[in-house]
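Work through the exercises below with the sequence and the 3D view at hand. Try each task before reading its solution.

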Amino acid sequence: EKSNPARMYSTSCAPLRPSPSSRRATHAGSWYSSRRDQLAAQMSGWLEQANACTGAARAIIAPHAGFSYSGPTAAWAYKHVSPTGIRRVFVLGPSHHHSMSRCAVSSCATYETPFGGIPVDRATSAALLETGAFDVMDLSVEEAEHSIEMHLPYILHVMGATSFELVPILVGALDEAAEARYGALLAPHLLCAENLWVVSSDFCHWGRRFRYTRYDAAEGAICQSIEALDRRAMGLIEAQDARGFAAYLRATSNTICGRHPIALLLHALENSSFSLQFVRYAQSSSVYTMDDSSVSYASAVVWEDRGDQQALEPRTHIPTD
């Protein structure tokens, strides 16, 4: 059921709330553990199992499903985050439950987590709002959405004792022209070395419950067909081919929930010299019959290749769980 965007957001010219509130960790205790010790131990274990494959991340793409499903894959992206010099973290997440055609910022002062609160960079949020391109999230919408929240434990974990502020951005169902405009508008924030970007996305949601059952028998089993489909998208993303990625989505309708944040990232990268590489791929389950279902997860790293990084070994495939 689609909601009325006018009821969900204030107008783009409205100021941030004068009495800011905190966004609660509404998915703690269900999608991930609300116990600090247990949550920290899980993330530490997954990070220990991940390998560093590139230079230090300037941006990552990582999944946002329940930690028991996507936590191990997300660790491969967060393995590449170095807190040195980072002053703010942008998290770009798709809107799953509410219809919106623009991007929205938060008016909250703090995002709560089991480890404590993360301060929101209200100055940056206000500056984005002043462009006229952004709306303000209603708190009920903000707390219902999981795509941003699911990254906060990992962000705090890898940032350690480094102080930073959060810039949450909820990305609506942008058309291709809007993806390009938002990418150009936000590109200076990506190029700033004090900023880390986290782009939140799962990949193919396959099965009747997702109303998506595309299958190419030439690829083998259904799970192999899903992987081949996802890897086509991953190849276009690695090539930083925003137009090719858009054409791929039109042709396949692959249910990549973060396709708009990813496309925005690709447009923001257009005038940069950054490299992008996927470092991990997994599926929640292996699908062999039309009665099965699965969600795919993929982690990628964007980094600045300054020529002083150790050369990467040639890859024949992206590591798979």
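Helices (H or I, at least four residues) and strands (E, at least two) are DSSP runs, numbered from the N terminus. The model is predicted, with local features needing pLDDT of at least 70 and side-chain atom pairs counting only at pLDDT 80 or more, while totals for chains, interfaces and linings use all residues. Residues are numbered from 1 along each chain as its sequence is written, and side-chain values use heavy atoms, with hydrogens and water left out.

**Exercise 1. Loop residues with positive phi**

Task: Find where S253 and R211 lie, and state whether each is buried, partly exposed or exposed.

Solution. 
Step 1. S253 sits in the loop between α9 (242-252) and α10 (259-268). R211 belongs to the loop between β11 (205-206) and α8.
Step 2. Most residues other than glycine have a negative phi. S253 is not a glycine, yet its phi is positive, about 55°. R211, also a residue other than glycine, has a positive phi near 55°.
Step 3. Apply the cut-offs: buried means under 20% relative accessible area, exposed over 50%, and partly exposed in between (1.4 Å probe, protein chains only). S253 has 47% and is therefore partly exposed. R211 has 77%, so this residue counts as exposed.

**Exercise 2. The chain as a whole**

Task: State how many helices and strands the protein chain has, and what share of its residues is buried.

Solution. 
Step 1. The secondary structure comes to ten helices and 13 strands.
Step 2. The protein chain has 321 residues, of which 52% count as buried.
Step 3. Contact means heavy atoms within 4.5 Å. Among contacts in the protein chain with a separation of 6 or more, 83% are between residues 24 or more positions apart.

**Exercise 3. Rings around Y154**

Task: Which kind of aromatic pair does Y154 form with F67, and which with Y78?

Solution. 
Step 1. Rings of Phe, Tyr and Trp (its six-membered ring) pair if their centres lie within 6.5 Å; planes under 30 degrees apart count as stacked, over 60 as edge-to-face and the rest as tilted. The whole structure has eight aromatic pairs.
Step 2. F67 and Y154 are 5.5 Å apart centre to centre with 40° between the planes, a tilted pair. F67 is in helix α3 (residues 67-78) and Y154 in helix α6, 87 residues apart.
Step 3. F67 is buried at 4% relative accessibility, and Y154 is buried at 1%.
Step 4. The ring centres of Y78 and Y154 are 4.9 Å apart and the planes are at 5°, so this pair is stacked. Because Y78 lies in α3 and Y154 in α6, the pair ties together parts 76 residues apart in sequence.
Step 5. Ring pairs link Y32, W46, F67, Y78 and Y154 into a cluster.

**Exercise 4. Strand β10**

Task: Which strands pair with β10, and in what sense?

Solution. 
Step 1. Two strands pair if DSSP finds at least two bridges between them.
Step 2. Strand β3 (residues 57-62) pairs with β10 in the parallel sense over four bridges, with A59 opposite W197.
Step 3. Strand β4 (residues 88-94) pairs with β10 in the parallel sense over five bridges, with V89 opposite L196.
Step 4. In a regular strand the side chains alternate between the two faces of the sheet. In β10, N195, W197 and V199 on one side and L196, V198 and S200 on the other are all buried.
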